[in-house]
Protein chains: 2
Amino acid sequence: MSNSLPTREEDYSKWYNDLVVQAELADYSPVRGCMVIRPYGYAIWNRIKNALNERIEQSGVDEAYFPLFIPMSFFEREAEHVEGFSPELAVVTHGGGKELEEPLVVRPTSEAIIGDMFSKWIQSYRDLPLKINQWANVVRWEKRPRLFLRTLEFLWQEGHTAHSSYEEAQEMVEEILFNVYQDFCEQVAAIPVIPGKKSENEKFAGALATYTLEAMMGNTWALQAGTSHNLGQNFAKAFNIQYSDDNNELQDAWTTSWGMTSRMVGAVIMVHGDDHGLVLPPKLAPHQIVIVPIWRDEEQQEAVLAKCQELLGELGDFRVKLDDRDSYSPGFKFNEWEQKGVPVRLEIGPKDLEKGTVVVARRDMPGKQGKQFVSMETETLIPTLHNLLDEIQSSMLEKAREFQLSHTYEPKDYAELQDMIPEGWVHAYWCEDEACEAKVKEDTKATLRCLPFEEESEGTCIVCGKPATKKAVFARAY
Amino acid sequence: MSNSLPTREEDYSKWYNDLVVQAELADYSPVRGCMVIRPYGYAIWNRIKNALNERIEQSGVDEAYFPLFIPMSFFEREAEHVEGFSPELAVVTHGGGKELEEPLVVRPTSEAIIGDMFSKWIQSYRDLPLKINQWANVVRWEKRPRLFLRTLEFLWQEGHTAHSSYEEAQEMVEEILFNVYQDFCEQVAAIPVIPGKKSENEKFAGALATYTLEAMMGNTWALQAGTSHNLGQNFAKAFNIQYSDDNNELQDAWTTSWGMTSRMVGAVIMVHGDDHGLVLPPKLAPHQIVIVPIWRDEEQQEAVLAKCQELLGELGDFRVKLDDRDSYSPGFKFNEWEQKGVPVRLEIGPKDLEKGTVVVARRDMPGKQGKQFVSMETETLIPTLHNLLDEIQSSMLEKAREFQLSHTYEPKDYAELQDMIPEGWVHAYWCEDEACEAKVKEDTKATLRCLPFEEESEGTCIVCGKPATKKAVFARAY
């Protein structure tokens, strides 16, 4: 592992790419735009999956699995859907040595195939609601791929539900947005998010409405952390998802879909990382604590390692890594685990053995400020570590929230908006005209991230000056 | 759910297909040869995954993720590999609206892409062993698809390791075969297996040697439950996986690969199922216990349901389903959960409330023999259920083992072999000549399943009569 990150100030983009590779989170693959997720990165993703899955199950959703391939004709049934996705499709034209009669699309999302199965499984109002989630890989032909953030193939969960009314579908969409996604982002990933509605221009191809969670990265750009779509009856009509209601009359169902992806690993890196490398929230860290033993000679080594092994056995409450490699110096190990973002480091040397103490260092607070001596007695050490990890988890969220708030601006006019975009997010009245949205994008490269859930009020559009009742967030985005 | 299975005797194949669909394990999809795994089937697969993953981790293997697509040229680097897999490939020729310069293969297995990454990550003997596993979907263009057993797309884990010697690689291959796969099959899935080596003809395309676990299904056909390959230096040479040894000389690495797939769900169905439906081993059952309340009127309903709810709360040690639907009769529910293979059923009616007892019925022992009255007192009921589930788990393994033993024959000559193949497995001397293997297949449709791990002895080939030192298992197979 080399250790030469540019600072974020110098080159944020290179800082990110180098960090992903150097911290062994992911690697470039020989397939254009596809990445390899390495064990350390995958361990973070597995923790993201588990935390999300727990919440998805609590929302009464069952897990299932649908085919990777979708017949092209299925894709074409919902007009907006196919229009939105066609430029991004990967297409299988040959199978088993022969040209296929009908090409198969590698799923970019599964509304089409799941809609068809739903039409088979749903007959009566008694079959509703139907709530299914799958964890899967999907493929979208990205023009400018970035590790984790935008790759041709990515990993995600996609939930698909069917209901007997608009209201129930909308409730589901919001349940997922707030109780699953926002709760996960803030309580587990320590990433504050702004939930809101997408503009018509930015909504999912085929949806009635798309809701999003927008997170601010360390360079103030926005990242869409998850989306939840109310599909209305569009997909039900396209795929014949009909049920007989309690009057025995046929009705089209109301469906939803929602997803969160492996780009969340990228979000964790960019929200919390610093110039030394990753900073992982304790709830997502593969190792919450690393023990680094310090010795000068073999005698010391034996005594120190024995104590470290003992501690390792006593700290079963935590995910602990003991770095007992003897070919690397303590300083090298400090750097490596710092770059890999381990929340807490325990240093144990011969002097500590004498004093019965251990140095406890926080990753999120580099330098002396984050260091303390703690007794090795487990009745002191264990509660101290529990408190410290809790404290790190909540202080990381707080810090990210402060950063987001202090980089969100309310410009008084369009000129100020243009000045502020390079510095952060802009929160301003918008008249809901697509032309104004497009102008902002042309002038500043900022897109309309969302219309936050806020009470309507009266003002004037920041772009055209016409009356407006809603505020939007504009930002540069990944 | 309809409830009309043919008996296994009448039509084993239809029994299997109907059961998979009726018990809502999986469904046919509109994509030829691809299936949909429904929540009940997926819950079984999730339990298989977790049990395997635990064992894989204990073998010191890390989880990672590699691209779905493999450039065609990579695939062609190992000659036997491409020859073996080309008839089964699905090929992406178009992406992002354009024809690709080089077609991409949808992975049928990942040696090629992982080999390339290994060559990047491995430089020195210090980087070895490298042990990686991924859970993924793969695609092989099957001509005769069957739900779970043989589908175009299936789910699996594929492990890939690199070592500095043949011996270490072989140790890894056997560690996985015995400590991961056989242990899982027998201790979790209650499926007895015969571990052995594949013949040259049946080995993995590109491997030095393939080891397998063969399981006997309820119709006496064999099913390959998992395979573990010693790839020798073949893939290392094709993909330049080289390391400098401790004399600083470049060496080719020794690699292995090994996989177990979603067809294991099919194996569980076919090994344990009976004419009433599924019989699930308690360790894999999504619900270990189902509580079916019985009532005649509303007053009874209230009292019985209250007691059931109370019990549900007390049985937190187990995975329990309370079937409190009031639109179905108890008899209907008995049938449904029987067909879905729930290991233990608790029946609670008004009389049970009076007596303070509950009827406990075992799925694996239909009829009166498997029924008992047990006190509702938790200090009696809980240990009884623990013991009962343990007893069911081990008795299912025992029963399957007896079936396998009693349907494995040692014919005295080739004529007897031909008679015996329709009745079960044949265990007989084989001279290791491919011609004899091919003759058995032509005459009986039986393939050489494996050469079991046995001491060599002296005998004569069951086909040609020439001297032989090894015995093989021949059987019809899925």
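In this predicted model, A:Ala90 has B:Gly95 as its bridge partner in E5(B). The two sit in a strand pair that crosses between the chains: strand E5 (residues 90-95) of chain A runs antiparallel to E5(B), with 5 bridges. Two strands count as paired if DSSP finds at least two bridges between them. Strands (E, at least two residues) and helices (H or I, at least four) are DSSP runs, numbered from the N terminus.

Now the rest of the interface. On the chain B side, 48 residues are in contact with 48 residues of chain A, contact being heavy atoms within 4.5 Å. About 4000 Å² is buried between the two chains, and carbon and sulfur atoms give 67% of that. Buried area here is the accessible area (1.4 Å probe) lost when two parts are put together, summed over both.

What about polar links? Chain B and chain A share 24 residue pairs in polar contact, both residues at pLDDT 80 or more. A polar contact is a pair of N or O atoms within 3.5 Å; within protein, one must be able to donate a hydrogen and the other to accept it, and residues adjacent in sequence count only if both atoms are side-chain atoms. Strand E5 (residues 90-95) of chain B gives the most to the side of chain B that touches chain A, with 6 residues. By class, that side has 32 nonpolar, 8 polar and 8 charged residues, where Ala, Val, Leu, Ile, Met, Phe, Trp, Tyr, Cys and Pro are nonpolar, Asp, Glu, Lys and Arg charged, and the others, Gly among them, polar.

The term means a side-chain nitrogen of Lys or Arg within 4 Å of a carboxyl oxygen of Asp or Glu. Here are two examples:

| Salt bridge | Closest N and O atoms |
|---|---|
| B:Lys120 and A:Asp27 | 3.1 Å |
| A:Glu24 and A:Arg38 | 4.0 Å |

The A:Glu24 and A:Arg38 pair links distant parts of the chain, 14 residues apart. A:Glu24 is in the loop between helix H1 (12-22) and strand E1 (26-28), and A:Arg38 in the loop between strand E2 (35-37) and helix H2 (39-58).

On confidence, ipTM is 0.96 and pTM 0.97.

Some bookkeeping: residues are numbered from 1 along each chain as written, and chains are lettered from A in the order written. Local features need pLDDT of at least 70, side-chain atom pairs need 80 or more, totals use all residues, and side-chain values use heavy atoms, without hydrogens and water.
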